[in-house]
Structures are given as C-alpha cells and as structure tokens.
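Reader: I have a structure to go through for class. Can we take it piece by piece?
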Amino acid sequence: MQSQIGGKGGNASSYRGSSSWTSRYAGGGAGNSGGAGKNTFSGQTSGADWADGNGQNGTGGLLMLYATNLYNSGEITANGMKGGTGRSGGGSSGGGSINIFAKIIKEKGNVTANGGEQNGSTKGGKGGNGTVTINELQPYLNSPRKEINIAKNETSTIDSTKIEYINQNGIQTPIVNMGVLSYESLNSDIATVDNAGNIIGVNVGSTKIKITDTANNISTYIYINVYNNSKVDVKEGKDFTIGLKDNGTVWGYGLNNKGQLRNK
C-alpha cells in the first residue's frame, strides 16, 4: 500500500552560458507529477525536455488507517520518490505520515515513511523522513465536570459515580471494567484531595486533580481554581473611612480629631 499526495516536482534547468560549453543534463524534482528533466546539447544554450531525467511521480503523503485487527504481512509505505538523474540530480520528495489505529495489533509488517533516494552525478537534495505511528486504541476516562471553582478553606467532592469510560469510535477496544479510582493533586499548595475525592482549597491559584483508574492505569484530569472568599467591606463616615481587608484587618482613613478612627 502506497500513500501519495502532494504537489508537482520542479522542472530542471540546464541553461548554458555559451553554445561551446559541454552538454548539460539536469534532473527534475520528484512530486505529483515529477518535474521534467532537461538536456542541453552541444551547440545550444537552452535545454529541451529530457524524459530520462524526469523526477519520479509521487510524494510521501498522508495515510490514516483504522482497523479492528491489524495483520500486515507485507508493506505499508508513504515513502518519498527519487528525483531525476543527470549531471545535476533533481531533489527527492520527503516521506509522509502513516497513522494506524487498531483494536488488536497482531502483526505490524514493514511500515516506512522514508525520504526519497538521491540521484544524479551531483546529488540532488534528499527529502526528509516522515513519521510512523501505530497504536492500539483505548477508551478514555471521562469526567463530565471539567473544572471546579472552590473558595479557600472550603471543600468540594468529586462524584465518582459520574466518572465513566467513553469509546472514541466503534472499532476500538471495548469498554473496560472500571477499577478503584485514585486521586492526586498536582500542586498540594493550592488544593489537596483525599482518597474519597474530597478537595480542599488551600491557597489562591490553579492546579489539576489527576483521577486514575488503578486497574487499567488510565487517567483524566479536573482543573481546580481556588479563590479568596474573605469578606471585604468599606464604610464611610464624616471625614473618615473604615475598611475591612480580605486578610481580616481593619484600616481607618481620615480625620481622628474626635476619635473617629480609634480612641485616644
């Protein structure tokens, strides 16, 4: 199986500054389609198309494959193609990207996404290698509650009955039986959590709670935002103001000629 998409390869140029110079041959770049090779014969300054120097048709491309069972005894490739030959070789095309997702992987076979080979007496540029990803798909652990806002020193509880597995598509691994859930705060200076999923806001800030199914080692996260709920208040009198700050301290501003701010 070969995946091929991409643009056309560049045409070669074999221009000579003088008709007395030696014949020139240049290869076209690989692509869809390959670029034209050029040959400038003795006595000419501009080149004509030269089929032997054409770049190969094809680029690495992109392959997405979903399967219930992967049993590949052959080859799956998204390789780049070779540039045309000549005294100056054409550049090869780069490798593509192969992404295979299966419920069960029995045999991978030979899977490649290499850059095309170099060609010509003076080698053309080599296309870079692509990527190959082969994974057994798993369901993901889902919490419908993605974010919890909690006041400092207050408590909120994660409802474990709402945590569930969800399949991303119909061909992946069946729903697994959920095991015991564990909870972990990624920053206990902001919020803590116990084995029952009880969260306590410690300091103002943000962190995440990691929820893990210990039987299957699959995790999800809930974002935690801790805010300060201390009461803030301001009262105004005649020529003075009293303020209650969020740290619990009281401050006075203004005239104190009659003890408005404090007793003398």
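Author: Start with a definition: two strands pair if DSSP finds at least two bridges between them. Strands themselves are DSSP runs of E, at least two residues long, numbered from the N terminus. This is a predicted model, where local features need pLDDT of at least 70, side-chain atom pairs count only at pLDDT 80 or more, and totals for chains, interfaces and linings use all residues. Residues are numbered from 1 along each chain as its sequence is written, and side-chain values use heavy atoms, with hydrogens and water left out.

Reader: Ok. Which residue stands opposite Ile98 in S6?
Author: Leu63 does. Ile98 lies in strand S6, residues 97-107.

Reader: How many bridges join S4 to S6?
Author: There are 9 bridges, and the two strands run parallel. S4 covers residues 62-71.

Reader: And what about S6 and S8? In which sense do they pair?
Author: Parallel, over 6 bridges, with S8 spanning residues 131-136. Phe101 has Asn135 of S8 opposite.

Reader: Back to Ile98. Buried or exposed?
Author: Ile98 is buried, because its relative accessibility is 0%. Buried means under 20% relative accessible area, exposed over 50%, and partly exposed in between, using a 1.4 Å probe and protein chains only.

Reader: What is Ile98 in contact with?
Author: Contact means heavy atoms within 4.5 Å. Leaving aside neighbours within four places in sequence, the contacts of Ile98 include Leu63, Ile76, Val111, Val132 and Thr133. Thr133 is 35 residues from Ile98 along the chain, yet their C-alpha atoms are separated by 6.1 Å.

Reader: New topic. Which residues form a nonpolar patch on the surface?
Author: Leu62, Met64 and Tyr66, with about 300 Å² of accessible area together. Nonpolar side chains (Val, Leu, Ile, Met, Phe, Trp, Tyr) are joined within 5 Å, like charges within 9 Å. Areas come from the Shrake-Rupley method with a 1.4 Å probe, and for residues only the protein chains shown count as cover.

Reader: Where is Met64 found?
Author: In strand S4. Met64 has a relative accessible area of 43%, so Met64 is partly exposed.

Reader: Last one. In what order do the strands of the open sheet with S11 come?
Author: The order is S11-S15-S14, 3 strands with antiparallel pairing. S11 (155-157) and S14 (191-193) are the edge strands, each pairing on one side only. S11 pairs with S15 (residues 198-201) over 3 bridges, and Ser156 has Ile199 of S15 as its bridge partner.

Definitions and conventions. Helix = DSSP H or I, 4+ residues; strand = E, 2+ residues; numbered from the N terminus. Patch = residues over 30% accessible without salt bridge, like charges linked within 9 Å, V, L, I, M, F, W, Y side chains within 5 Å. Salt bridge = Lys/Arg side-chain N within 4 Å of Asp/Glu carboxyl O.
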